[in-house]
Amino acid sequence: GLTILGLLANFYLGYIFVLLLSFLYFFRADRNILKVVLGTIANPSLIREIIPYDSLDNEFDMIKADSYLIHIFKIEKIKTPYEYNTRFLNTVLRRHHRNAIFAIIFAIIMLLILGIFMDEPILRIPAGAGFLILFSIMMAAVGAFKYFLRSWEIIGWLCIFAFAGYLAKHKMFDLRSIAYGMKYDNTERPIYDYQNLKTIFTDSLYEQDRQVEINRLNMWKSKLAVRNGSTNHKPPIVIISVSGGGSRASYWTFRCLQYADSLTHGQLFAHNVFISGASGGMIGAAYWRSLHTQFALGKIDNPYSKAYQDNVGKDLLNAVIFSLACVDLISPFNKITVAGRRYSKDRGYAFDQELSANSGGILNYKLKDYQAYEAQTIAPMLVVSGTIINDGRRLLFSSQPVSYLTKSVNSLGKTNPIIDGVDYAQFFKKQAPLDLQITSALRMSATFPIVLPMVKMPSQPEMDIMDAGLRDNFGTENSSRYLSTFRDWLDEEAGEIIFLQIRDTRAYEPAHGYQTHSMSGMLFDPLFAIQNRWSAFQTYHQSYLEDYMSTAFPEHKLRKITLQYIPEDIDKSAALNFHLTTREKRDLMNSIFNADNQKGFAEIAKIFSDYKTKKAGE
């Protein structure tokens, strides 16, 4: 209670302070119009400087007005003659214009200074305040443009857009972000076209990478057998697939994995070999993996501490919006040095830094830092995806070779195989790919339009990367491809296969149906049908993939378990955002105890309990 009162008091005190400061600035000098202006007008030596043309006294209205609307259904007649003459009014307006110009210049300077120190949280103003200042500057710029150009305004805007297009074409500025860590200054950029993809992702590379993964799976099984003291029973294996959905999905994914792992006494993490998904869910999954890896290495004491769940729920939106207002649109020339390389600072950089800070540094690592952990099966393999919007392929970020995920088994041996994915490390092998920060990979997977900037990759032509959810919002494609590729090994060497899918939406109710009755709905609903129903389209399509997956293995070997966020009140569901309220966090935490989710957790616990019983019976 005291905290809330303190926050409210600070807010209103700041609001009153800003109002008083504005009144002092704008009205103190002009509190007495006659006193301020008449002395200037009465001085003949200054008349020409203030009013250069005597014709100002002879202005007339092209359309005569006798009355005006001051309120709804209330009309006021115009006083005649005017209270002040034209010269007098123009002088006063000039003074107000001057005051406004100084205020706008001050606002721009303040945003520039704040943008320079964007890494300092104490100097980071709230997102709303940043947007208010930004909109004030934009309104002032538009107003000045209209005032000076008058009837030439449309031509002026056309010239500005043409000039901006010219600058963009010649790479004078770029609104896209970059992937921090990898090289962008290398002249040997790979050619991104189908012919080069065929040259790189050959059948021989496919088999080579596949064998590397089989060796890793064999090592995982051997280490698990030594740890458990059992070599006769095939261990259960866990494939995790998580959905996108901003901080909501991140918080929910982490909550589910923590709960399931504690329920199985750490067996979920020990038996997990592959994690994939999209957007926010991958942030929660990557954080969960890193925590338990650090615990396995003895670097943290308790991976189930409530503080870690709190970290996942920390705000990411304010840093992004602050950067958008104070850097991206005001000063897009800030630079940062990472590993000896110069990069631009933008809201993508702000997101990476905030994500790293929120995780307590747990996510502050490069792909190569986990390469040995994955190869030695200390950590499960994490495959982060992004959508290449040039042609719709997936860009696959992993510290392990994953060319077997770039095309299906059925494409092997074909002259022109369908290559629907790109192994990032293999394709950009000359651009130091494993120096990539994991936060940048996660950001590319979660690049929702406008909120985060599209990412350009150093290829010819440049790849443009956006949210993985554009292609697959649930990670089902990567997981299905993995199961299909290693079907023989899984059938012979593994016990039950737990295909654990964690969704932040309900699979059985992917979209609310409604009937259009308005004219606007009839006009615009068809235009946004794909956008509004994209999640539903993917859910329906992927149900067919599940049918085929089940036929690839013996009966009851593949166990698909779905955990989904089900709000207590359907009308108060957690928003799709990079910010969660206290109520939304509480609702996400409690959704664990939904009856359907509890059945899923019980099924996971039973699988590992039965496995433990079999080992004890040897």
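Student: Which residues of helix H23 are buried?
Tutor: In this predicted model, Glu584, Asp587 and Leu588 are the buried residues of H23, which covers residues 582–590.

Student: Where do they fall when you look down the axis of H23?
Tutor: They fall within an arc of 100 degrees, so they line one face of the helix. As background, an α-helix has 3.6 residues a turn, so residues three or four places apart point the same way.

Student: And what do the buried residues of H23 pack against?
Tutor: Helix H9, residues 246–263.

Student: OK, switching to aromatics. How many aromatic pairs are there?
Tutor: The structure has 21 of them. Take Tyr192 and Phe427: the ring centres are 5.9 Å apart and the planes sit at 85 degrees, so this pair is edge-to-face.

Student: Where do those two sit in the chain?
Tutor: Tyr192 is in the loop between helix H6 (153–169) and helix H7 (194–200), while Phe427 is in helix H16 (residues 424–427), so the pair ties together parts 235 residues apart in sequence.

Student: Is Tyr192 buried or exposed? And Phe427?
Tutor: Tyr192 counts as buried, at 7% relative accessibility. Phe427 counts as buried too, at 3%.

Student: Which residues do ring pairs link into a cluster with Tyr192?
Tutor: Phe397, Tyr424, Phe427 and Phe428.

Student: New topic: what's on the surface around Ile16?
Tutor: A nonpolar patch with about 1,200 Å² of accessible area together; its members include Ile16, Tyr12, Leu19 and Phe23. Ile16 belongs to helix H1, residues 2–27, and counts as partly exposed at 45% relative accessibility.

Conventions. Residues are numbered from 1 along each chain as its sequence is written. This is a predicted model: local features need pLDDT of at least 70, side-chain atom pairs count only at pLDDT 80 or more; totals for chains, interfaces and linings use all residues. Side-chain values use heavy atoms; hydrogens and water are left out. Buried means under 20% relative accessible area, exposed over 50%, partly exposed in between (1.4 Å probe, protein chains only). Helices (H or I, at least four residues) and strands (E, at least two) are DSSP runs, numbered from the N terminus. The arc is that of the directions from the helix axis to the C-beta atoms. Contact means heavy atoms within 4.5 Å. Patches are made of residues with over 30% relative accessible area and no salt bridge: like charges are joined within 9 Å, nonpolar side chains (Val, Leu, Ile, Met, Phe, Trp, Tyr) within 5 Å. Accessible areas come from the Shrake-Rupley method with a 1.4 Å probe; for residues, only the protein chains shown count as cover. A salt bridge is a side-chain nitrogen of Lys or Arg within 4 Å of a carboxyl oxygen of Asp or Glu. Rings of Phe, Tyr and Trp (its six-membered ring) pair if their centres lie within 6.5 Å; planes under 30 degrees apart count as stacked, over 60 as edge-to-face and the rest as tilted.
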